[in-house]
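Colleague: Before I use this model, I would like to know what stands behind the terms applied to it. Could we go through them one by one?

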Amino acid sequence: MANLVEIRNLKVEATTDSGRRVEIIKGVSLTIAEGESVAFIGESGSGKTTIAMTLMGYARAGCRISGGDVWVDGDNMVTLSEKQRAAIRGTKIAYVPQSAAAAFNPAATIMDQVIEVTRIHGLMSPAAARRKAIELFRALSLPEPAAIGNRYPHQVSGGQLQRLAAAMALIGNPKLVIFDEPTTALDVTTQVEVLRAFKAVIKQYRIACVYVSHDLAVVAQIADRIVVLKSGQTQEIGTTHDILTQPRHPYTQSLLAAFKPKPHSRTAAPESPSHPLLEVDAMTVGYGPVQRDGQPLIVAVRSVSLKVERGRNLGIVGESGCGKSTLARAIAGIHPAHAGDIIFDGHELWNTARKRTRSQLRELQIVFQHADTALNPAKSIEDILGRPLAFYHGMDRKARDVRINALLDMVHLPRTVRHRHPGELSGGEKQRINFARALAADPKLILCDEITSALDTVVTAAVIELLKELQRELGLSYVFISHDLSVVEAICDEIIVMYRGQKMEEITPAERKAPQHPYSKLLFSSVPRLDPSWLDALRQDPDQVRDYCQR
Amino acid sequence: MTKRATGLIGSRLGYRINLVGLIGFAVVLFWAVIALFAADLIPYSVGEIVDTDYFGPMHPGLWLGSDYLGRDMLSRILMGARYTVGISLAAVTIACVTGVVLGMAAAVVRGVVDSVLSRILDAMNSIPSKLFGLMVVAAVGSSIPVLILTLSAIYIPGAYRFSRSLAVNINTMEFMTVARIRGESLAYLIGAEILPNIIGPVLADLGLRFVFIVLLLSGLSFLGLGVQPPYADWGALVRENLGGLPFGAPAVIVPSIAIATLTISVNLLIDNLPRKIRDRSAP
Amino acid sequence: MRARVPSLVLSRLLIALVTLVIVSFAVFFATTLLPGDTASILLGQAATPEAVAGLRTAMHLDEPALFRFLRWCLGLLRGDLGTSYANNMPVATLIAGRLVNTLKLAGLTALISVPLALTLGITAAMWRGSVYDRIVTIVTIGVISVPEFVVATSAVLLFAVYLKWLPALSFTNEIHSFYDLLRAYAMPVITLTFVVSAQMIRMGRAAVIETLNTPYVEMALLKGASRPRLVLKHALPNALGPIVNAMALSLSYLLGGVIIIETIFNYPGIAMLMVDAVSTRDLPLIQSCAMIFCLGYLVLITAADVIAILANPRLR
């Protein structure tokens, strides 16, 4: 069978702000057959989206295709005129973006945007296009397929928008669809539904697809072949089965290794029943003015209690909007709790950080998800780490210098980074600095709020290892908040599952206490596995899915 | 193209400047030097009548012609730079320092302080600037200190609004939360965490506001309500020589051109500010 | 969702009202800072102390400032703008005719500049980076960077001195024909249009360009849409709020502009009246004129805010 796509020695250049040209795609060659699903996998900056975009003859602002050919169904997208490319976009090749929420025009109805392709290219009458769209909505198992098109983008949920974007891509009967990280922004339980819908339509319409993702487990469900990319070069191309079972390239091997469950050498429960390090009793946190019933307008956390023993770790898991981050912010005193007690190291804490003593603030540190915004971009690493040393410990310049070097050693960063600014570091390095700043305070407990969510799989694994190592050396305790169950399981002794502001249940992995609550079961079963047959074999109670996924 | 013209100077300092920005900077520098050394540069005393003809044309000796009384225009323009640049610079400094400090404080403190301050300053902002100038001049008369204070009062709300909107964005960053729960004071939060992040735009805004103030000052002087005789800024020079307009006398055209060169070059400089090169690995 | 629009609009109007109170407070006190006693200034040096005291009582000058402020506000609400110090005529009578003149000038300018600026701003954004865009940008920066009187004097130099098409610096009340009318209004309107359009073009262009950089416009591009379609179908509906906002804000520059333009062209509008009032220190007249200007400004920016709310598709 002839190849639908042939990319030969593709090169893409980007212009940096000093006017220098940098090659970001360094000669990539690959082929895609008719009806074949090929996944591009790699970490952020590997060039996977850039390559996918060149299939449409498009390079984002500041980038330029500088060499090679991109043949799609007999046309070389590199040499075509802009007008000829426009004629192919939407009809032969279509695109499903990472964030459908941003890719839908807020000023037009969904139906108008879904059928716009047929209007631009004059493919069919508007009435026929509408009928086809409704058929696609049904194939993508969207609710109320006949009526959903009349809504505006902000009136439907993220998971639905993502499927509507797929309908928008499929309306022009394309031969090739590019899926650009289409489920990355979704919760796991929603991701299952969306993946199922995508897989069904790809099969039904016999479309070739390029699936761009950083998540090997997701890709394993959809792709026939996998292209592993790193820094603009292909590392390995193989069938999904080969890549998963016998990876040849070291980078592919490290990607797979990051998926292996790592046994957490759990600390034994403390023998002496001394008072716990942190105890939260019936905490309620909310937003907005207090209503007549004595509750805040929006209750984000409803009467949650938890306990952290010395030297042990507590995990809090749940999907977006379940109140887990609000809970952490209330414990840290950033967002004052409406009701409930916080007892830290035997003393009751005020609900707001403003009233806590300096040593209480020092002993309870919080580390945030986005190292980009958690580190002041205008300050050097030295200043960032030096401030808590001066502020809490009153260290002079000399003592600070010594301590900053020690801290950098602890988080395994070279001492030379101290003169750099956060913008010059990679995501993983920034997160290490973010963590080192909390260590600088000499805390007893560190609240980790989604600290690995913005990191790539391999980097996440390394950060988790670092956290465990520091715990052994410094006798810290962590409260680890994440939506990623595998990360939490790797480091925590107890796990709390939260849903809609409430604690559903508490699980202790060490005691092999499996999740009992239906929501916990649903959540745990929705985490993609590396096994390519996982999605097809997965059976979830549709009633539960409807109850717990209001998306 | 512009990169190649100035690339060498630029990249060595870690900044990239383009040609247009450089020209803007040169003109601004030129007027600043004139304003500083005007007294030593003028060929004639500003009040001296040197030409028997009024609205005389340009010719050697009287390079820019003579004004409505036959005084040397070149000397009057050079001295006028002093008033136009000096008053505007003083006013913009007061306005921006006050506005930016208040704006950052409001963004960090939030709550009632922020609402009250914002409401009052927004209300002040809804008095058209020329009108405000007219009212104050009507009430207390026009003198240079009054002009400086009035001009700065008019532009405090703008500087406040601008810096507040920037600071509000910075304030949502997690490093602000980190600093706040470390127990840092307001002064530290403003000075050490926010200011370094907004200093670039704030300086650009200062330039823009400088242009507004030059325009307003010239406008007031043109109406006879700004700088009063015997002193004269460029706006006042246009006013007193307006009679020469029907003959296209240089005395009325030159001060207009002087104002335009100053304001246009400041604008060009702001639009083409040297940009810091983040790509450090550049050769 | 729908219920939010009226409440947002209502809060805008409320804010405008509060602002108006603060502004009138500022106007009143700024003008009563006048050093020296108003009564003795009015009566001149030769006045007897009894006469001064009598006038002070008659003008309520010995009451506390706050009382006088409230009295003044009540007067404004009843349409009683006070009596001019300079010629003892009711301020309302002095203002009425002049206000109509100024509104004519402003209206005519708006009528020309809004369509002109919309066309130029949107087309410049559509072909961003082209020679056409650069010329528009450079001209608008030039016009914005110079004072109104420079634009006006340049216009006079060009049209009256060199081309001799129009009369220079004169405005006559003797208008006998449509041609006279055209000639009389041409210069002030041309000058004001220049000043106001420059602002509008700049802000309008920026608003369109901002929406052109959004992911949904990129998405439309990847659907094969043409450039005009990207701008007209996808960018414009979303830039509508910001554009109208920019229009209203730029129109408020008219208020500052007319002060200079009316003076230069000797146009009998309200701004001229106010500049004259300033030179004679005619407080009631100054206060009333100032309030009219502030009210005009407030109406414009409130309208801009309200339109921005109504045009926001997310609130639909």
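Predicted model: local features only at pLDDT ≥ 70, side-chain atom pairs only at ≥ 80, totals over all residues.

Modeller: On the side of chain A that touches chain C, α3 (100–103) and α5 (116–121) of chain A are the elements that give two or more residues. The largest share, five residues, comes from α5(A). By class, that side of chain A has 15 nonpolar, six polar and four charged residues.

Colleague: What makes Lys223(C) and Glu116(A) a salt bridge?

Modeller: The closest N and O atoms of Lys223(C) and Glu116(A) are 3.0 Å apart. The cut-off is 4 Å between a side-chain nitrogen of Lys or Arg and a carboxyl oxygen of Asp or Glu. The pair therefore counts as a salt bridge. The rule finds three salt bridges across the interface of chain A and chain C.

Colleague: How many residues does each chain give to that contact, and how much area do chain A and chain C bury?

Modeller: Chain A gives 25 residues and chain C gives 18 residues. Together the two chains bury about 2,000 Å², with 58% of it on carbon and sulfur atoms. In chain A, the residues that lose the most area to chain C are Pro106(A), Glu116(A) and His154(A), together 26% of what that side buries.

Colleague: Why is Arg71(B) called buried?

Modeller: The relative accessibility of Arg71(B) is 11%, and buried means under 20%. Arg71(B) therefore counts as buried. Arg71(B) lies in the loop between α2 (19–41) and α3 (73–109) of chain B. Leaving aside neighbours within four places in sequence, the residues in contact with Arg71(B) include Glu48(B), Arg76(B) and Glu240(B).

Colleague: What area is buried between chain B and chain C, and what part of it do carbon and sulfur atoms give?

Modeller: The area is about 3,400 Å², and carbon and sulfur atoms give 80% of it. Lys130(B), Met135(B) and Leu245(B) supply 17% of the area that chain B buries against chain C, more than any other three residues. In this interface, 36 residues of chain B are in contact with 44 residues of chain C.

Colleague: How do you know that Lys130(B) forms a salt bridge with Glu148(C)?

Modeller: The closest N and O atoms of Lys130(B) and Glu148(C) are 3.0 Å apart, and the cut-off is 4 Å. The pair therefore meets the rule. Across the interface of chain B and chain C the rule finds one salt bridge, along with three residue pairs in polar contact. The side of chain B that touches chain C divides into 23 nonpolar, ten polar and three charged residues.

Definitions and conventions
Residues numbered from 1 in each chain as written. Chains lettered and ligands numbered in written order. Heavy atoms only, no water. Contact = heavy atoms within 4.5 Å. Buried area = accessible area lost by both parts, 1.4 Å probe. Helix = DSSP H or I, 4+ residues; strand = E, 2+ residues; numbered from the N terminus. Nonpolar A, V, L, I, M, F, W, Y, C, P; charged D, E, K, R; others polar. Buried < 20%, exposed > 50% of the residue type's maximum accessible area, 1.4 Å probe, protein only. Polar contact = N/O pair within 3.5 Å; in protein donor to acceptor, adjacent residues only side chain to side chain.
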